[in-house]
Amino acid sequence: MLDGKATVLQGNNRKDVIMRTVAAGDFFGSASLFESNYQSSIKANTVCRVLYIPDVLFEHILNSYPKVAVNYIRFLSGRICFLNRQIENFTCDNTEVKILNYLYQLAGEKEEVHLEYGISQLSSRLNMGRTSIYRAIDNLTKYGKIRREKNIFYINKKE
């Protein structure tokens, strides 16, 4: 992505799951690059400029520039870790752990997450009750795991 901000979605028209948000400098489409049967959707959040690289050209780049290949493998390893955390979130019974994992995913390398939606939508995305989410956020705040200012969550990654 050259400019703008977009959301990568996976699923069907009835129930899309937000996989991640991409911005300038990020790339998307890695799962479908060498697997033509895989499809995801991209929803532009702002006006976007995107650079499209055909699979034949990308394969040439990987063969010609080993550092690009290593960095691409690093990226794919990160995506595997992300998907493992997603599985953990879906199977986790602990509300606080589930919320903290979700915020970690959204934050990536940053220490803050700006949610563009409220607790009701967070409740829907995590398939949890709002009361449970409020209680868990209060506990996470109380124990210094996060700090919240409206829809901005600051994550204490040193904990």
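## The largest pocket

Sorted by class, the lining of the largest pocket holds 17 nonpolar, 13 polar and 14 charged residues, where Ala, Val, Leu, Ile, Met, Phe, Trp, Tyr, Cys and Pro count as nonpolar, Asp, Glu, Lys and Arg as charged, and the others, Gly among them, as polar. The structure is a predicted model, in which local features need pLDDT of at least 70 and side-chain atom pairs count only at pLDDT 80 or more, while totals for chains, interfaces and linings use all residues. Residues are numbered from 1 along each chain as its sequence is written, and side-chain values use heavy atoms, with hydrogens and water left out.

The volume of the largest pocket is about 1,600 Å³, and among the 44 residues that line this pocket, Ile-18, Met-19, Arg-20, Thr-21 and Leu-106 lie nearest its centre. A pocket is here an open set of points on a 1 Å grid over the protein atoms alone, where a 1.4 Å probe fits and with protein on both sides within 12 Å along at least five of seven lines, and lining residues have an atom within 4 Å of a point. Grid points are joined across faces, edges and corners, and a volume is the space filled by probe spheres set on the points. At least two lining residues of the largest pocket come from each of β1 (5-11), β2 (16-23), α3 (66-91), α4, β4 (112-114) and α5 (119-126).

## The second largest pocket

For the second largest pocket the volume is about 540 Å³, and its lining has 18 residues, of which Phe-27, Phe-28, Leu-33, Leu-51 and Ile-53 lie nearest the centre. By class, this lining is made of eleven nonpolar, five polar and two charged residues. Both α1 (30-33) and α2 (55-64) supply at least two residues of the lining of the second largest pocket, and the largest share, three residues, comes from α1.

## Overall arrangement

The protein chain contains six helices and six strands, which follow one another from the N terminus in the order β-β-α-β-α-α-α-β-α-α-β-β. Helices (H or I, at least four residues) and strands (E, at least two) are DSSP runs, numbered from the N terminus. The C-alpha trace of the protein chain spans about 50 × 35 × 30 Å along its principal axes.

## The sheet of β2, β1 and β3

Three strands, in the order β2-β1-β3, form an open sheet with antiparallel pairing; two strands pair if DSSP finds at least two bridges between them. β2 and β3 (41-44) are the edge strands, each pairing on one side only, and neighbouring strands of this sheet are turned against each other by 30° on average, direction ignored.

The antiparallel strands β1 and β2 are joined by seven bridges, in which Val-8 has Arg-20 of β2 as its partner and Ala-6 has Val-22 of β2. Between β1 and β3, also running antiparallel, there are four bridges, and the partner of Leu-9 in β3 is Ser-41.

## The sheet of β4, β6 and β5

A further open sheet of three strands has the order β4-β6-β5 and antiparallel pairing, with β4 and β5 (146-149) as the edge strands, each pairing on one side only. In this sheet the twist averages 15° from one strand to the next. Four bridges pair β5 with β6 (residues 152-155) in the antiparallel sense, and Arg-148 has Phe-153 of β6 as its bridge partner. Helix α6 packs on the sheet and touches β5 and β6, its direction making about 120° with that of β5, where contact means heavy atoms within 4.5 Å.

## Helix α6 and its helical neighbours

Helix α4 (residues 95-107) packs against helix α6 (residues 130-142) at an angle of about 75°, with the axes 9 Å apart. Axes are lines fitted to C-alpha atoms, for helices over the stretch in contact, and angles run from 0 to 180 degrees between N-to-C directions. α4 is therefore roughly perpendicular to α6, a term used for angles of 65 to 115 degrees. Thr-95, Glu-96, Ile-99 and Leu-100 of α4 make the contact with Ser-132, Ile-133, Ala-136, Ile-137, Asn-139 and Leu-140 of α6, and these residues divide into six nonpolar, three polar and one charged.

The axes of α5 and α6 come within 9 Å and cross at roughly 105°, so that α5 and α6 are also roughly perpendicular to each other. On the α5 side this contact is made by Ile-119, Ser-120, Leu-122 and Ser-123, and on the α6 side by Arg-130, Ile-133, Tyr-134 and Ile-137; by class, there are five nonpolar, two polar and one charged residues.

Note on methods
Angles under 35 degrees count as roughly parallel, over 145 as roughly antiparallel, 65 to 115 as roughly perpendicular and the rest as oblique.
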